[in-house]
Amino acid sequence: MIARSHAKSYSDECRYPFRTIGDSCYFISREKATPDQAFALCLQRGAYLANLETFEEAMLVKYEVQQMKTGLHFYIGGRNINRYVPGGDWRWIQNGKMNKMKYKAFGTNQPDGSNAGPQDCMMFYAGERYIWHDIYCDHPSWRSGYICEK
């Protein structure tokens, strides 16, 4: 069996429209989509909805979004995989893997989804200075920007 390197050239990975923020490559889209549509649009770009796994990463991306001054919310890659757990069981979804969140930055009274009102997706919520909010994944009236990472 021949060993293959899985390492990509960093310069190949971060080509336009992606840009380097911290240690990762991001595409911040103003295109309006539902969270499920945003998930698919990132996949079509060979990426995934952003996984903001550390405080530092979240603050760098939040700063970039604030500098854009769009007033848009932006979907990121957190998903609640169990509505029966109080507050949910939030995971980062990345290339077919679910990674338990070690860092969370939900806003006031968030997450507030339930089994009856399943808010299993996550956004940077512009109305509360880009802190995290849970949101319905497929509600047609919740269309906003999104952030892809690769």
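Predicted model: local features only at pLDDT ≥ 70, side-chain atom pairs only at ≥ 80, totals over all residues.
Q: Is Cys-14 buried or exposed?
A: Buried means under 20% relative accessible area, exposed over 50%, and partly exposed in between, with a 1.4 Å probe and protein chains only. Cys-14 has a relative accessible area of 15%, so it is buried.

Q: Where does Cys-14 lie, and what does it touch?
A: Helices (H or I, at least four residues) and strands (E, at least two) are DSSP runs, numbered from the N terminus. Cys-14 lies in the loop between α1 (10-13) and β1 (19-21). Contact means heavy atoms within 4.5 Å. Leaving aside residues up to four places away in sequence, Cys-14 touches Arg-19, Thr-20 and Cys-25. The C-alpha atoms of Cys-14 and Cys-25 are 5.3 Å apart.

Q: Which residues touch the most other members of the largest nonpolar core?
A: A nonpolar core is a set of buried Ala, Val, Leu, Ile, Met, Phe, Trp, Tyr and Cys residues joined through side-chain atoms within 4.5 Å. The largest one here has 23 residues; Leu-52, Phe-74, Ile-76, Phe-124, Trp-132 and Ile-147 touch the most other members. The largest share, four residues, comes from α3. Another core, of 16 residues, lies apart from it, and includes Ala-38 and Met-123.

Q: How many salt bridges does a search of the whole structure find?
A: A salt bridge is a side-chain nitrogen of Lys or Arg within 4 Å of a carboxyl oxygen of Asp or Glu. The search finds five. One of them pairs Glu-64 with Arg-19, with the closest N and O atoms 3.6 Å apart. Glu-64 sits in helix α3 and Arg-19 in strand β1, 45 residues apart.

Q: Which parts does the Asp-36 and Arg-79 pair tie together?
A: The closest N and O atoms of this salt bridge are 2.9 Å apart. Asp-36 is in helix α2 (residues 35-44) and Arg-79 in strand β4, so the pair ties together parts 43 residues apart in sequence. Asp-36 is partly exposed, at 33%, whereas Arg-79 is buried, at 18%.

Q: Which residues do salt bridges with shared partners join into one network?
A: Start with Asp-89 and Arg-91, whose closest N and O atoms are 3.0 Å apart. Shared partners join Asp-89, Arg-91 and Lys-100 into one network.

Methods: Residues numbered from 1 in each chain as written. Heavy atoms only, no water.
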